[in-house]
Amino acid sequence: MREILFRGKRIDNGEWVYGYLIAPEFAPNKKYIGHLFAEDDHDIDVVEVDPETIGQYTGLKDRHGNKIFEGDILCFIDIDYITQIYYGVVKFGIYNSSAHDVNNQGFYVDWQGVQYRNDLGYWANQSYCYVAGSIHDNPELMEVKQNDD
């Protein structure tokens with residue numbers, strides 16, 4: 001079974017926190033992450049996080065064993081490419097089949113200038129990739145890549 005885990009940057013100090021996403025009905029603009037205290041594995045701490053920074057764990061790890069989250073920036077060594085991880089409805093092309101297109105929902109990478117988005121699981125398993133940063137901590141990584149295109 002896949003581990004369900006979220007992360008977000010704390011409102012109070014800007015540090016990343018990992019745990020369960022809490023989105024209360026009474027405060028739709030506020031989001032919280034519930035996580036275990038580091039020093040006590042029996043108590044749960046709940047902290048408010050910036051909703052723009054929330055990302056879900058993809059269930060995949062990079063070549064160093066780091067968990068890959070939505071919003072991470074991955075560097076694919078063997079194809080010399082860097083891209084952001086997204087989640088949403090994905091249009092996958094099936095090239096060697098009678099079917100033309102398949103819509104699916106999941107994590108994907110979006111290659112610049114390519115008609116079809118590509119399944120993250122396929123590329124993470126086929127490529128030598130690592131987490132280079134996140135769009136929230138290192139947006140300049142994406143700017144550099146876009147300037148290289």
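The legends below describe several close-up views of a predicted model of one protein chain. Residues are numbered from 1 along each chain as its sequence is written, and side-chain values use heavy atoms, with hydrogens and water left out. Because the model is predicted, local features need pLDDT of at least 70 and side-chain atom pairs count only at pLDDT 80 or more, whereas totals for chains, interfaces and linings use all residues.

**View 1. Overall make-up of the protein chain.** The protein chain contains two helices and 11 strands, where helices (H or I, at least four residues) and strands (E, at least two) are DSSP runs numbered from the N terminus. Read from the N terminus, the order of elements is β-β-β-β-β-β-β-β-β-β-α-β-α. Of the 149 residues in the chain, 40% are buried; here buried means under 20% relative accessible area, exposed means over 50%, and partly exposed lies in between (1.4 Å probe, protein chains only). Among contacts with a separation of 6 or more, 47% join residues 24 or more positions apart, a contact being heavy atoms within 4.5 Å.

**View 2. The cysteines C75 and C129.** The structure has zero disulfides, a disulfide being a pair of cysteine sulfur atoms within 2.5 Å. C75 takes part in no disulfide, and the nearest cysteine sulfur, that of C129, is 8.8 Å away. Seen from C129, the closest cysteine sulfur is the one in C75, and that distance of 8.8 Å is too far for a bond. C75 counts as buried at 17% relative accessibility, and C129 is also buried, with a relative accessible area of 2%.

View 3. D72 belongs to strand β7, which covers residues 72-76, and is buried, with a relative accessible area of 2%. The side chain of D72 makes a polar contact with the side chain of R7 at 2.6 Å, where a polar contact is a pair of N or O atoms within 3.5 Å; within protein, one must be able to donate a hydrogen and the other to accept it, and residues adjacent in sequence count only if both atoms are side-chain atoms. A polar atom of the D72 side chain also lies 2.7 Å from the backbone nitrogen of F69. When neighbours within four places in sequence are left aside, the residues in contact with D72 are R7, K67, T83, Q84, I85, V131, G133 and S134.

View 4. The structure holds five salt bridges, each defined by a side-chain nitrogen of Lys or Arg within 4 Å of a carboxyl oxygen of Asp or Glu. Side chains of opposite charge can pair when their charged atoms come close. In one of these bridges the side chains of D137 and K9 meet at 2.5 Å, N to O. This pair links distant parts of the chain, 128 residues apart, with D137 in the loop between β11 (129-134) and α2 (140-148) and K9 in strand β1 (residues 6-9). D137 is partly exposed, with a relative accessible area of 36%, whereas K9 is buried, at 19%.

**View 5. The salt bridges D12 to R10 and E48 to K30.** The side chains of D12 and R10 meet in a salt bridge at 2.8 Å, N to O, and D12 is exposed, with a relative accessible area of 55%. A further salt bridge joins the side chains of E48 and K30 at 3.8 Å, N to O. E48 lies in strand β4 (residues 44-49) and K30 in the loop between β2 and β3 (31-36), so the pair ties together parts that are 18 residues apart in sequence. Both partners are partly exposed, E48 with a relative accessible area of 28% and K30 with one of 36%.

View 6. G34 is placed in strand β3 and is buried, with a relative accessible area of 2%. The C-alpha atoms of G34 and V47 are separated by 6.6 Å, although these residues are 13 residues apart along the chain. Leaving aside neighbours within four places in sequence, G34 is in contact with residues including I22, I44 and V46. I22, I44 and V46 make a nonpolar surface patch of about 250 Å²; patches are made of residues with over 30% relative accessible area and no salt bridge, with like charges joined within 9 Å and nonpolar side chains (Val, Leu, Ile, Met, Phe, Trp, Tyr) within 5 Å. I22 lies in strand β2 (residues 16-22) and is partly exposed, with a relative accessible area of 33%.

Key:
Accessible areas come from the Shrake-Rupley method with a 1.4 Å probe; for residues, only the protein chains shown count as cover.
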